[in-house]
Amino acid sequence: AVAAVGATVPASLERVKRRTAQLREANPMLGHRGCRLAITYPEICEMQTRAIFEAAASLRRRQQMVPIVEVMVPLVSHVEEFQILKEVVEKTALVVQQEQQM
C-alpha cells in the first residue's frame with residue numbers, strides 16, 4: 001500500500017515510508033487528529049484541498065456546471081485553529097483555480 005501511494009505522489013518511496021512511520025500512533029483515538037494534525041502537517045490540508053478543488057474543476061470542464069464547493073475543517077475547538085486552516089485552504093484553492101483557469 002505504501003508503494004502504491006509513493007507511486008502517486010511527488011516524493012520518493014523512502015520519504016513516504018518515513019512520513020508514515022512519523023504519523024503512526026499507539027492509540028489514534030486519543031492522539032493527534034482532526035484539525036490539529038493538519039496544523040502540525042499543513043501538507044495534509046493542502047493535499048486534501050487540492051484534491052477537492054481539482055475535482056470541482058474537472059466536473060466543471062466535463063459537465064459544464066459550476067459545483068458549489070464546501071470544505072469542512074474537522075474537530076475544531078478554538079477559532080484560532082479554524083483561522084490557521086482557513087488560510088491554508090484559501091491559499092491552496094486560489095493556486096488550483098489559477099492553474100485550472102477557473
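This is a predicted model: local features need pLDDT of at least 70, side-chain atom pairs count only at pLDDT 80 or more; totals for chains, interfaces and linings use all residues.
Let me start with helix α4, which covers residues 42-63 and, with its 22 residues, reaches 31 Å from its first C-alpha to its last, close to the 32 Å expected at 1.5 Å a residue. The expected span is 1.5 Å times one less than the number of residues, and helices here are DSSP runs of H or I with at least four residues, numbered from the N terminus. Residues are numbered from 1 along each chain as its sequence is written, and side-chain values use heavy atoms, with hydrogens and water left out.

Which residues of α4 are buried? They are Ile44, Cys45, Thr49, Phe53, Ala56, Ala57 and Ser58, where buried means under 20% relative accessible area, exposed means over 50%, and partly exposed lies in between, using a 1.4 Å probe and protein chains only. The cover over these buried residues includes α3 and α5.

After α4 comes Gln64, whose phi is positive, near 50 degrees, although Gln64 is not a glycine. Gln64 lies in the loop between α4 and α5, and it is exposed, with a relative accessible area of 69%. Leu75 is in the loop between α4 and α5 as well, and it has a positive phi of about 55 degrees without being a glycine, but Leu75 is partly exposed, at 44% relative accessible area.

Now to α5, where the buried residues are Glu81, Leu85, Val88, Val89, Thr92, Ala93 and Val96. Seen down the axis of α5, these buried residues fall within an arc of 130 degrees, so they line one face of the helix; the arc is that of the directions from the helix axis to the C-beta atoms. On the other side of α5, Val79, Glu80, Lys91 and Gln98 are exposed.

Finally, the largest nonpolar core has six residues, namely Cys35, Ala38, Cys45, Leu85, Val88 and Val89. Such a core is a set of buried Ala, Val, Leu, Ile, Met, Phe, Trp, Tyr and Cys residues joined through side-chain atoms within 4.5 Å. Helices α3 (35-40) and α5 (79-100) each supply at least two residues of this core, and the largest share, three residues, comes from α5. Leaving aside residues up to four places away in sequence, Cys45 touches Ala38, Leu85, Val88 and Val89, contact meaning heavy atoms within 4.5 Å.
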